[in-house]
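Hi,

Here is the structure I promised to pass on. Have a look at it first, and then read on for my notes.

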Amino acid sequence: MPRRAGLLSAAARVNLLLLVVSAVFSWTSLSDRVPEFALTKIEESDIKDDSGKEAVAEDDADPEDLEVFYPTDQWQTLRPGQAVPAGSHVRLNLQTGDREVKLPDSENGKSDARKESRRKRLGKVDVDSTSFTSQELKKALAKMKESEKAERKAHEEEVRKKFRPIEQLKEEFEKLNVKMETDYEIMVKLISKFNSSASTLDEKVAALYDLEYYVHQVDNAKDFLSMGGLQLMIHGLNSTEATLKEHAAFVLGAALSSNPKVQIEAIEGGALQKLLVILATEQPLAVKKKALFALSSMLRHFPYAQQQFLKLGGLQVLRSLFRQKGMETLHVRVVTLLYDLIMEKMLLEGSQHGDHLEEKLQQYRQVKLVPAVVEQDWCAVVSNLLAMPEHDSREKVLKMVGVLMAFCRERYRGDQALSTTLGLLRSEYEELAAEEQREGDKDGYFRELLGSVNTIIQELS
């Protein structure tokens with residue numbers, strides 16, 4: 001009995017296994033044959049359109065053929081085949097299964113501005129339309145390009161009306177025979193006009209006036225020398241016409257200024273003697289002013305000319321100007337010239353000596369200017385000028401007195417008039433300096449003058 005029961009139990013197990021296998025096979029066969037039994041049901045409309053053709057997947061569509069979708073601040077359903085602008089919010093509606101789009105909350109104002117900008121840019125194209133295709137975009141772009149071309153063409157036409165082309169200007173200048181002249185060519189013409197017997201006095205004066213402008217430049221002055229202009233100016237100092245003499249001295253002084261080559265040629269050409277003759281003889285004030293200017297340009301930084309100046313009695317000539325009536329305006333200029341000549345020698349002696357400077361210093365040592373100044377009693381001549389009312393003139397005279405103090409101290413200590421003048425100047429400049437200080441200017445002009453006066457008084461005490 002037990003053996004039979006075991007056989008029945010084994011047979012039951014086999015039958016049960018066969019039953020399960022049969023059930024699984026039947027279920028599989030039914031699923032393959034009947035769509036209704038599938039786990040996921042696919043609608044025909046999702047696979048084919050109304051014409052029976054298969055629909056094209058959205059990802060396989062040409063980007064240029066996609067319909068442009070313009071979102072708003074409200075959620076809207078996005079249809080298949082529509083392109084979504086970058087930056088839009090997209091979500092999947094779990095209830096309907098549709099994709100929905102809207103603008104970000106912070107971009108509403110900017111979106112309206114972009115829409116308005118697109119309307120202006122695209123003209124009649126309806127940017128708000130839900131059927132805004134790529135063809136319409138291409139037409140709008142073409143319209144924009146045509147508009148830009150028209151505007152550019154109109155601007156070019158407007159420019160052409162206002163300005164002429166360079167080729168046309170060149171032709172007109174050639175017809176007018178306009179030619180740019182160099183300074184050299186201009187100076188040649190001016191010298192020819194001055195030297196021509198056919199030129200009037202006014203034309204000669206005008207030529208000299210223009211020449212003075214050009215010869216200020218060092219290179220032009222050298223060219224002026226090479227073309228014979230310098231010798232013409234030296235001869236012009238002998239002219240009987242005061243105006244020509246005045247302007248010839250003016251041109252000569254401009255050419256001599258800081259130009260050693262011209263200075264050497266001028267002194268060898270006899271310019272120094274002629275200038276001293278003008279200053280020593282009776283001449284109009286304007287002529288003597290220009291002659292003194294030319295003399296100053298010749299003597300500055302030219303020790304050989306200074307030595308010749310002393311030999312020819314130049315100091316006596318300048319001293320005579322203080323005795324001539326109507327020459328007061330020249331007095332401070334003479335003092336300034338002497339101050340500059342003394343100072344340039346003192347500065348050179350106090351500088352470090354090189355080979356070149358040593359040679360120049362030897363030349364200056366041969367110039368005995370200060371002994372001549374003391375001998376001819378320039379100490380008194382200079383100190384008397386402190387009575388002049390102009391502050392600028394007093395400043396220059398005070399500088400000269402300070403330089404001469406080392407050589408004229410005993411002479412100044414016995415000059416009662418100088419002591420009185422210095423006392424008056426100190427009182428005047430103390431008041432003016434105090435007024436400057438009250439106005440907030442602690443280191444003003446009058447304070448500097450007061451310092452010069454006090455220095456002289458202390459050295460004399």
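Let me start with one serine. Leaving out residues up to four places away in sequence, Ser199 touches Lys193 and Lys204. What does the serine side chain do at Lys193? One of its polar atoms lies 2.7 Å from the backbone oxygen of Lys193. Ser199 belongs to the loop between helix H6 (183-195) and helix H7 (201-214). Its relative accessible area is 13%, so Ser199 counts as buried, the cut-off being under 20%.

Before going further, bear in mind that this is a predicted model. The mean pLDDT of the protein is 81, with 78% of the residues at 70 or more.

Now the disulfide. How many does the structure hold? There is 1, formed by Cys379 and Cys408, with the sulfur atoms 1.7 Å apart. The angle about the S-S bond is -45°, which makes the link left-handed. Cys379 sits in helix H19 (residues 378-384) and Cys408 in helix H20 (residues 391-413), so the bond ties together parts that lie 29 residues apart in sequence. Are these cysteines buried or exposed? Cys379 is buried at 2% relative accessible area, and Cys408 is buried too, at 2%.

Next, two loop residues with backbone angles to look at. Ser258 has a positive phi of about 55° despite not being a glycine. You'll find Ser258 in the loop between helix H10 (242-256) and helix H11 (260-268). With a relative accessible area of 63%, Ser258 is exposed. The other one is His301, again not a glycine, where phi is positive and near 60°. His301 is in the loop that runs between helix H13 (285-299) and helix H14 (303-311). At 52% relative accessibility, His301 counts as exposed, since the cut-off for that is over 50%.

Staying with helix H14, have a look at Gln307, which is found in that helix. Gln307 has a relative accessibility of 17% and counts as buried. Which residues does Gln307 contact, once its neighbours within four places in sequence are set aside? They are Gln366 and Val367.

Last, the sheet. There is an open sheet of 3 strands, in the order E2-E5-E4, and the pairing is antiparallel. Which strands are at the edges? Those are strand E2 (76-77) and strand E4 (89-92), each of which pairs on one side only. E2 and strand E5 (residues 99-102) are joined in the antiparallel sense over 2 bridges.

Cheers

Technical notes
Residues numbered from 1 in each chain as written. Predicted model: local features only at pLDDT ≥ 70, side-chain atom pairs only at ≥ 80, totals over all residues. Heavy atoms only, no water. Pairing = 2+ DSSP bridges. Helix = DSSP H or I, 4+ residues; strand = E, 2+ residues; numbered from the N terminus. Buried < 20%, exposed > 50% of the residue type's maximum accessible area, 1.4 Å probe, protein only. Disulfide = S-S within 2.5 Å. pLDDT = per-residue confidence, 0-100. Polar contact = N/O pair within 3.5 Å; in protein donor to acceptor, adjacent residues only side chain to side chain. Contact = heavy atoms within 4.5 Å.
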